[in-house]
Amino acid sequence: MLGVFPEVVFTVAGIPVRDTVVSTWMMMVVIVAVVLLLRKVKPTALEMLVTFLYDFITEIMRRPADPFLPLLGSLALFVGVANVIGLVPFITSPTRDLNTPIALSVVVFMAVHVYGVRVMGFMPYVRSLASPIFLLPLEIVGQVSRTVSLSIRLFGNVFSGEIIIAILFALVPLIVPLPLQGFNIFTGLLQAYIFTALASVYISTGLAADSSSESVSKPQVEEE
Amino acid sequence: MAQMDPGTLVTIVTIIVAGAGIVIGAITPAIAEGRAVVKALESIARQPDSAGDLRTTLLIAMALLESTAIYVLLVVLILLFANPLLDRFFT
């Protein structure tokens, strides 16, 4: 289908490996290499990046980001690099395949419950999900639909951007697709921002039961 | 219309529905986002101190609004590139 859908490159023991998976591996190598290089050459740049992510997550979750930084920070890095790497010729961006965003949002879905159980304990967390018992079905629908929408939002944005560029490239291959590619960089980074922000919001709502009294009372204390 | 074969009919209907769908699906979230931005800008103009808080909330809300347009786009793309109804007629 002319590069609209990801193609199977080779199969390992009957499991088809698509080109998006290959580019994910390349991306992982690139990220690790850049981080190792930066650690040797310019550690301040790395520190700035981590501080930026830390401040950003702290601002959204309204609590110290220390326990969540490894997961959410690497999600932001992964999605950001994955969206932008599609600009390199012959590399399809991994988020173009619906399976990659679905895997990422399943990770977020699991993390919400893992952090919730870790902070509140198992039984209080389950009880907080079904506080009036008739709200449990709504809670389940909410959990599933926000996981689906998280993945489809990322996929749809990246995919539509690439389709528009492919169509323009078929019409006017010379200079016209360039501004749209710049716009694609912007959209990709914005989507990485939004993905991380939504993941932090979901995780912090999973912890909400014990922090609601805290976060409500804190600003009042500051005002006084 | 009577002697048209069903595959062609499905193709025509698909194209019309895809075009109409993406138009409606682009207009409504755009209006909603515009209203959200207007309110946020008014609040920032009234209280410039709350700009940071508002920006984060606004971006998240815009992402949620924008995703409805993305859903429409996804349905349209499925209709155009991987139409499940056409497989009945052209196998």
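## Two chains in contact

In this predicted model, chain A brings 14 residues to the contact between the chains, and chain B brings 10 residues. On the side of chain A that touches chain B, the elements giving two or more residues are α2 (43-61), α6 (136-171) and α7 (177-206) of chain A. Of these, α6(A) gives the most, with 6 residues. Sorted by kind, the residues on this side of chain A are 8 nonpolar, 4 polar and 2 charged. For the complex as a whole, the predictor gives an ipTM of 0.70 and a pTM of 0.80.

Here is how the two chains look next to each other.

| Property | Chain A | Chain B |
|---|---|---|
| Helices and strands | 8 helices, 2 strands | 2 helices, 0 strands |
| Box filled by C-alpha atoms | roughly 60 × 45 × 40 Å | roughly 65 × 25 × 10 Å |
| Buried residues | 25% of 224 residues | 7% of 91 residues |
| Mean pLDDT | 82 | 85 |

Let us walk along chain A. Starting at the N terminus, its elements come in the order β-β-α-α-α-α-α-α-α-α. The opening pair is strand β1 (residues 8-12) of chain A and strand β2 (residues 15-18) of chain A, which run antiparallel and are joined by 4 bridges. Together β1(A) and β2(A) make a hairpin, with 2 residues between them. One residue to look for in the turn is Ala13(A), which has a positive phi of about 55°.

Which residues of α3(A) are buried? They are Leu72(A), Leu75(A), Ala76(A), Phe78(A), Val79(A), Ala82(A) and Asn83(A). An α-helix has 3.6 residues a turn, so residues three or four places apart point the same way. The cover over the buried residues of α3(A) includes α1 (19-41), α2, α4 (99-120), α6 and α7 of chain A. Among these covering helices, α2, α6 and α7 of chain A also give residues to the side that touches chain B.

Now to chain B, where 96% of the residues reach a pLDDT of 70 or more. Its radius of gyration is 20 Å, whereas a compact globule of 91 residues would have one near 12 Å. Its C-alpha atoms fill a box of roughly 65 × 25 × 10 Å along the principal axes, and buried residues make up 7% of the chain.

In chain A, 64% of them do.

Methods
Residues are numbered from 1 along each chain as its sequence is written. Chains are lettered from A and ligands numbered from 1 in the order in which they are written. This is a predicted model: local features need pLDDT of at least 70, side-chain atom pairs count only at pLDDT 80 or more; totals for chains, interfaces and linings use all residues. Two residues are in contact if their C-beta atoms, placed from the backbone, lie within 7 Å. Ala, Val, Leu, Ile, Met, Phe, Trp, Tyr, Cys and Pro count as nonpolar, Asp, Glu, Lys and Arg as charged, and the others, Gly among them, as polar. Two strands pair if DSSP finds at least two bridges between them. pLDDT is the predictor's confidence in each residue, from 0 to 100. The radius of gyration is taken over C-alpha atoms; the globule rule is 2.2 Å times the number of residues to the power 0.38. A residue is buried if 20 or more other C-beta atoms lie within 10 Å of its own, exposed if 12 or fewer, and partly exposed in between; C-beta atoms are placed from the backbone.
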